[in-house]
Amino acid sequence: PSKRHEIEPLAERRKTRQLNVGGVLVGGGAPVSVQSMTTTKTSDIGPTLQQIAELTASGCQIVRVACPTQDDADALPIIARKSQIPVIADIHFQPKYVFAAIDAGCAAVRVNPGNIKKFDDKVGDIAKAAKAAGTPIRIGVNAGSLDKRLLAKYGKATPEALVESALWEASLFEEHDFRDIKISVKHNDPVVMIKAYRLLSQQCDYPLHLGVTEAGPAFQGTIKSAAAFGVLLADGIGDTIRVSLSAPPVEEVKVGNQILESLGLKERGLEIVSCPSCGRAQVDVYTLAEQVTAALEGMPVPLRVAVMGCVVNGPGEAREADLGVASGNGRGQIFVKGEVIRTVPESQIVETLVEEAIRLAEQMGAD
Ligand code: SF4
């Protein structure tokens with residue numbers, strides 16, 4: 001409905017192999033998907049499923065659950081069956097949990113074969129089981145847990161070290177003719193992370209899972225992730241994303257989706273175009289924009305809604321929107337598709353916008 005939807009994409013997506021993660025296609029030109037990870041103990045099945053339901057409702061497409069103990073592994077069959085979205089089991093070290101996750105019907109497993117090899121060389125058996133079940137594997141290289149051999153060689157977790165580690169891990173599966181792999185090379189510094197993913201994308205065609213690890217609390221983590229993902233996605237690099245925040249995982253999903261929408265990689269849901277306010281404002285724009293956002297969240301069709309503080313620039317700026325308001329003298333001019341359709345007292349602005357949004361949604365649904 002908005003002109004923005006017709007803008008040409010930023011870049012050709014890099015050609016990668018395609019994986020099927022429990023029905024969500026990753027790579028090979030599939031839409032970039034948004035992931036998150038639960039914070040509950042996986043063995044607490046009820047709370048874990050509750051959190052997965054909340055994540056699903058907020059637009060999460062794939063969810064990862066940690067599996068550090070036998071109790072967690074035992075919970076996987078129910079969680080995989082009852083989750084509305086594909087579940088990835090996150091496993092370190094113990095091959096037996098990898099087999100359990102595959103048997104449980106998890107959509108994928110995150111495991112680094114290098115860890116398995118060190119303790120109990122079952123990489124070949126894992127490749128065989130994963131192939132038989134059609135279960136893809138993510139190799140997740142993290143700066144914090146980089147192989148000692150590579151730390152010694154490079155001195156620290158440089159982009160080259162992260163990439164060498166990832167390709168070595170992948171080669172352990174390739175030896176067994178297993179290539180249903182996606183890879184991440186995470187670092188907490190967006191600059192190192194961007195360089196690592198650029199390098200990796202030149203050296204393999206596996207789909208890439210983007211992440212800035214330990215990105216920090218919501219504000220810092222959001223900006224670090226948005227900056228790093230923006231650079232990479234603008235180059236067509238990245239097939240699935242996870243924003244890591246020290247905040248509830250629903251926030252990660254909202255940020256991830258907003259990043260994709262901002263880059264035109266995902267159909268926009270509700271977009272509020274609100275002015276920054278200035279000395280001409282005749283209404284509290286911040287509060288009004290928040291009230292409008294809250295009232296319209298969850299609309300079933302994409303809508304661009306302008307919230308303008310005055311009638312000087314308001315009408316012009318609102319013209320590109322589906323719906324808008326420009327305030328002045330305690331009243332609000334309500335615009336639909338750039339035309340003033342009504343002027344209402346300030347106290348009725350939010351409810352009038354909601355009425356008009358519902359009307360527009362019905363029209364758009366009928367088209
Ligand atoms: Fe200022 Fe009006 Fe522009 Fe808002 S719309 S920034 S109040 S001039």
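These legends go with several close-up views of a predicted model.

Residues are numbered from 1 along each chain as its sequence is written. Because the model is predicted, local features need pLDDT of at least 70 and side-chain atom pairs count only at pLDDT 80 or more, while totals for chains, interfaces and linings use all residues; side-chain values use heavy atoms, with hydrogens and water left out.

**View 1. The whole chain, to get your bearings.** The protein chain has 13 helices and 15 strands; these are DSSP runs numbered from the N terminus, with helices (H or I) of at least four residues and strands (E) of at least two. Its C-alpha trace spans about 75 × 40 × 35 Å along the principal axes. Of its 367 residues, 51% count as buried, where buried means under 20% relative accessible area, exposed means over 50%, and partly exposed is in between (1.4 Å probe, protein chains only).

View 2. Follow the strands across in the order 8-7-6-5-4-3-10-9, and you'll find that the pairing is parallel. Strand 8 (181-186) and strand 9 (209-210) are at the edges with a single partner strand each, so one side of each has no neighbour in the sheet. Helix 7 (residues 159-174) packs on this sheet and touches strand 7 (137-142) and strand 8, its direction making about 150° with that of strand 7. Contact here means heavy atoms within 4.5 Å, and the angle, on a scale from 0 to 180 degrees, is between N-to-C directions of lines fitted to C-alpha atoms, for helices over the stretch in contact.

**View 3. Two neighbours in the sheet, strand 3 and strand 4.** Strand 3 (residues 33-37) pairs with strand 4 (residues 62-66) in the parallel sense over 3 bridges; to count as a pair, two strands need at least two bridges found by DSSP. Look for Met37, which has Arg64 of strand 4 opposite.

View 4. How many residues of strand 13 (residues 323-328) are buried? The count is 6 of its 6. Leu323, Val325 and Ser327 point one way, Gly324, Ala326 and Gly328 point the other way, and all are buried. Strand 12 (residues 303-308) pairs with strand 13 in the parallel sense over 4 bridges, with Val305 opposite Leu323. Strand 14 (residues 331-336) pairs with strand 13 in the antiparallel sense over 6 bridges, and here Val325 has Ile334 as its bridge partner. The hairpin of strand 13 and strand 14 has 2 residues between the strands, and Asn329 takes a positive phi near 55° there.

**View 5. Gly27, buried in a loop.** Gly27 is in the loop between strand 2 (24-26) and strand 3, and it is buried, with a relative accessible area of 0%. Leaving aside neighbours within four places in sequence, Gly27 is in contact with Thr16, Arg17, Gln18, Pro207 and Asp239. Gly27 and Leu208 are 181 residues apart in sequence, but 7.6 Å apart in space, C-alpha to C-alpha.

**View 6. Two loop residues with positive phi.** Glu214 isn't a glycine, yet its phi is positive at about 45°. Glu214 is in the loop between strand 9 and helix 9 (218-234) and counts as exposed at 53% relative accessibility. Ser277, also not a glycine, has a phi near 75°. You'll find Ser277 in the loop between strand 11 (270-274) and helix 11 (285-296), and at 29% relative accessibility it counts as partly exposed.
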